[in-house]
Amino acid sequence: MTIQDQTNEILGRLGVDLKQCTGGSLPVYSPVSGELIADLHVTTPDEAIQAIDLADAAYRQWRNVPAPRRGELVRILGEELRAAKDDLGLLVSLEVGKVPSEGLGEVQEMIDICDFAVGLSRQLYGLTIATERPGHRMMETWHPLGAIGVISAFNFPVAVWCWNTALALVCGDPVVWKPSEKAPLTALACAAILKRAIAKFGDAPDNLLTVLIGDYAIGEVLVDHPKIRLVSATGSTRMGRAVGPKLAQRFARSLLELGGNNAGIVCPSADLDMALRAIAFGAMGTAGQRCTSMRRLFVHEQVYDQLVPRLKKAYQSVSVGNPLESDALVGPLIDEGAFTSMQSALKAASAQGGEITGGERVDTAHSGAYYARPALVEMPAHEGVVLEETFAPILYVMKYTDFDQVLEDHNAVGAGLSSSIFTTDIREAEIFLGAGGSDCGIANVNIGTSGAEIGGAFGGEKETGGGRESGSDAWKAYMRRATNTINYSTELPLAQGVSFDL
């Protein structure tokens, strides 16, 4: 069976109308083999505007449904995802090249956020606030915000949508979703799964989810439309620089998940066996195409010669290949452009005196697919290309001697997403997690930079955008807050003791 046949079979089982996937102008290629697996019909700007208007109409109904009842829809969605996990996980592997365990893991994240959101539907708490006026009560209440726009990237084609949608639905907000043009098939599958959940739910309004298929031009319609109250956008920092100001200009909200030039620090007291495994997965997992992939590594001079040769050996021996036909740990890059960017970065690193292990293209039976051996690059200094994020499996390794200086170097990049330190020294760990330590939204001790859990708020600082998805109080981004004061007395005292007697 060809990859296209496999894809169509899975899409059919998941409930996607295959007529959507043929005869269109948007080609979709599987990075596993490089072959064409679909050509989708794209959404026109007029169709996108109509979809947003319909989502706004759905909001006006959905906002009046009690939040625990809205949570019931998300509970059913979680059950539908459990039933579809194997098929959807395999579709993720087919469309974006993830190894099977990572494809299934991404769907498990969707299930986990549904569970989280169901509980949250009974916990959209406001505060009762002490008031200075007798006979008065002051409180805050939270209300649905409106139609939400979601723009997702290819590397997590379904989980990021679900992080946003599960929370948005329990908060009372419909979703208009523009997936990556490199991964639209998984979006159609998710829409079909949610449609089944809505049918079982019974009395939901139409158009709680709309999928817009297309490139950046359709994304611009979403960003510019006044009825989209929040845009949650995942992608490059360059994309965020375009989206953020447009939303700010019309006073809409943004939730931006952008670049991540993530680093790890290996201290003299580190458990090197643990560090080796964590670094290898963090840097090579998903072929280095995670926003949380480890891209920089600082190793103390006392343990450099113990750890780095072992890392180099792992890079030389790690299995690279077709994730559907082997037990390879590293699958393909998403496309030729990603491979070209990787080679350009390695060329620049070499020009700066970097010593490269790996990085070459790995031949497979598919000339249109781009497999690359992960690259470990020992760099003489933390400068130049090291300061730039390349979305590929490149790990720059540098030696350090002074802890205060390595913290400065760690933070001396634009992005601020994920970070980790490997140490058994409690002082080093606590300094790293403190105000003068890592400046990232995620800071870990003795685990790698990849692999966030649903219970913790996900996101970063600086050029990573500052947004947070899942966990903690991230739900507040999808709602509006009102402060309410109720006077149950027979008097009208004014705040701050103001007197205004008529």
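Guide: Let's start with a word we'll need: buried means under 20% relative accessible area, exposed means over 50%, and partly exposed is what lies in between (1.4 Å probe, protein chains only). Also, this is a predicted model, where local features need pLDDT of at least 70 and side-chain atom pairs count only at pLDDT 80 or more, while totals for chains, interfaces and linings use all residues. Residues are numbered from 1 along each chain as its sequence is written, and side-chain values use heavy atoms, with hydrogens and water left out.

Now, the pairs. Side chains of opposite charge can pair when their charged atoms come close. To count as a salt bridge, a side-chain nitrogen of Lys or Arg has to be within 4 Å of a carboxyl oxygen of Asp or Glu. Searching the whole structure turns up 25 of them.

Take Lys 182 and Asp 335: their closest N and O atoms are 3.0 Å apart. This pair links distant parts of the chain, 153 residues apart. Lys 182 is in the loop between strand E6 (175-178) and helix H6 (185-201), while Asp 335 is in the loop between helix H10 (304-317) and helix H11 (336-351). Those labels come from DSSP runs, numbered from the N terminus: helices are H or I with at least four residues, strands are E with at least two. Lys 182 has 35% relative accessibility, so it counts as partly exposed. Asp 335 is partly exposed too, at 25%.

Next, look at Arg 373 and Glu 360, whose closest N and O atoms are 3.7 Å apart. Arg 373 lies in the loop between strands E14 (371-372) and E15 (375-378), and Glu 360 in the loop between strands E12 (355-358) and E13 (361-362), so the bridge ties together parts 13 residues apart in sequence. Here Arg 373 is buried, with a relative accessible area of 16%, whereas Glu 360 is partly exposed at 41%.

Glu 79 is partly exposed at 40%, and so is Arg 82 at 36%.

Finally, salt bridges can join up: Glu 9, Arg 13 and Asp 87 are linked in a network of them.
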